[in-house]
Every structure is written in C-alpha cells, then in structure tokens.
Amino acid sequence: MATFPRTIMPRHASIPEVPRGMFSFGESGAAQLRATQQVGRVWTEEWPDLRLGKPNVAAFLAWLEWAQMTQDVFDVAHPALPGSGIAPHGAGGGTPLVQGGSQTGTSLVTDGWTPNITKVVAGGDVIKIAGLTPLYRVRDDANSNGSGAATLIITPAIPVGSSPADNAAITRTGCTIRAVIWPKFEPPVGRAGVFVRGLTVSFREIV
C-alpha cells in the first residue's frame with residue numbers, strides 16, 4: 001500500500017465530509033429522518049505556489065500523476081484531524097483494546113486504558129481499529145473508569161457483519177485514511193518554467 005507523500009504541505013485542507021443522512025418532510029412539516037449506511041469521507045486540499053526546478057516539487061507532481069492514472073489506493077494522513085496529521089487531544093494511556101466481540105453501531109466498548117483518566121479520548125479525535133478499514137471519529141469526550149474501560153461514540157457506525165474482534169487493538173496516533181484521488185486533481189497553471197499555481201487535489205476514502 002502506497003503512502004501519500006507529505007513532502008510539501010498544503011496551504012488549505014477542508015475537513016473531511018461524511019455522507020448525509022436521509023430525510024424527507026411532509027406537508028404538515030413532519031420529518032422522516034434516517035441515518036445513511038453509506039461511508040466514505042471526501043475532502044479537498046490546496047497547495048501554495050510550487051516552484052519548478054526543485055526536486056521535491058517534480059517528485060510530488062509525478063506522484064500525483066501516477067495516482068490519478070492508476071487509481072491505486074493509498075494511505076494518507078489528514079493534516080487537520082487530531083490523531084491523524086496532528087496529535088490527539090485526549091490524554092490516552094494504557095493499551096486500548098476492543099472489549100467484546102460482535103459490536104456494531106456507533107457505540108464501541110473498549111478497555112485496556114489507564115484507569116480513571118478524564119478525557120482519555122477527546123471528542124473530535126480519530127482512531128483506527130485493527131481489522132477494520134475505516135477511520136473512526138469520536139463524537140464525545142470519554143473517560144476511563146477504575147477498570148480502564150471506556151465507551152466511545154464513533155462515526156461511521158460499524159455495520160452488522162463487520163464487527164471488530166474481541167481485543168482488537170485501537171490506534172489513536174498516526175491514523176491514516178485509505179483513499180484515492182477523486183474525481184481528479186486539476187493540472188496547475190503558472191509561469192512556464194518558474195512555478196505552478198492553484199494545485200488542488202480531492203480525496204475520497206475507500207473502505
């Protein structure tokens with residue numbers, strides 16, 4: 001699995017967007033609301049002017065060309081997500097694991113944390129669960145109890161048939177998103193032989 005190069009950091013990066021839940025409204029204003037089962041975050045990054053003639057710029061543009069042509073899947077850290085491109089906000093501690101098999105939905109029971117830690121995981125942090133592909137984002141702060149257990153509210157939901165194994169490891173730093181370039185990156189323009197301007201790349205999570 002290739003890893004997206006972070007040799008040149010973007011100037012702007014949108015927060016990954018998840019598919020919207022389904023809704024409809026009747027004439028009376030009554031609402032029918034339902035969570036979607038679709039998963040896969042999308043986001044866009046924009047780079048500053050890139051000076052031509054520099055080896056790292058040439059290598060970066062070649063990597064993008066390869067990724068778009070092959071549509072190969074790669075791992076990428078998001079520069080603004082705590083637990084991915086930046087440090088998590090939660091205190092952490094211990095060796096966190098999934099507590100019990102056959103778990104589904106948005107509530108994940110875990111153990112192995114350092115006992116009695118306030119905000120052991122912070123709302124907004126992301127985690128990876130061993131054996132599962134998606135990146136999971138924690139909705140609310142979670143505290144560990146005296147036994148080192150904590151229940152995390154996560155997005156997306158874990159579907160039936162895709163439950164993590166009991167004692168599957170939980171990673172909370174350096175978490176990456178499995179993604180492709182989607183729909184494509186726009187070839188940049190600029191002053192010929194000097195710089196390129198306006199490089200923008202869109203990503204989609206693959207699970």
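Predicted model: local features only at pLDDT ≥ 70, side-chain atom pairs only at ≥ 80, totals over all residues.
Strands, as the word is used on this tour, are DSSP runs of E with at least two residues, numbered from the N terminus.

Begin by selecting strand 12, which covers residues 150-158 and contains Pro156. If you display the backbone atoms from Thr155 to Pro156, you will be looking at a cis peptide bond, whose omega lies near 0 degrees.

Next, move to strand 14, made up of residues 177-186, where Pro183 has its place. Here the bond to select is the one that joins Trp182 to Pro183, which is again a peptide bond in the cis form, with omega near -5 degrees.

From the strands, turn to the loops, and select Lys119, which sits between strand 9 (105-113) and strand 10 (126-129). Although Lys119 is not a glycine, its phi is positive, near 55 degrees.

Finally, select Asn167, in the loop that runs between strand 12 and strand 13 (170-171). Asn167, which is likewise not a glycine, has a positive phi of about 70 degrees. The relative accessibility of Asn167 is 46%, so this residue too counts as partly exposed.

Terms used: Residues numbered from 1 in each chain as written. Heavy atoms only, no water. Helix = DSSP H or I, 4+ residues; strand = E, 2+ residues; numbered from the N terminus. Buried < 20%, exposed > 50% of the residue type's maximum accessible area, 1.4 Å probe, protein only.
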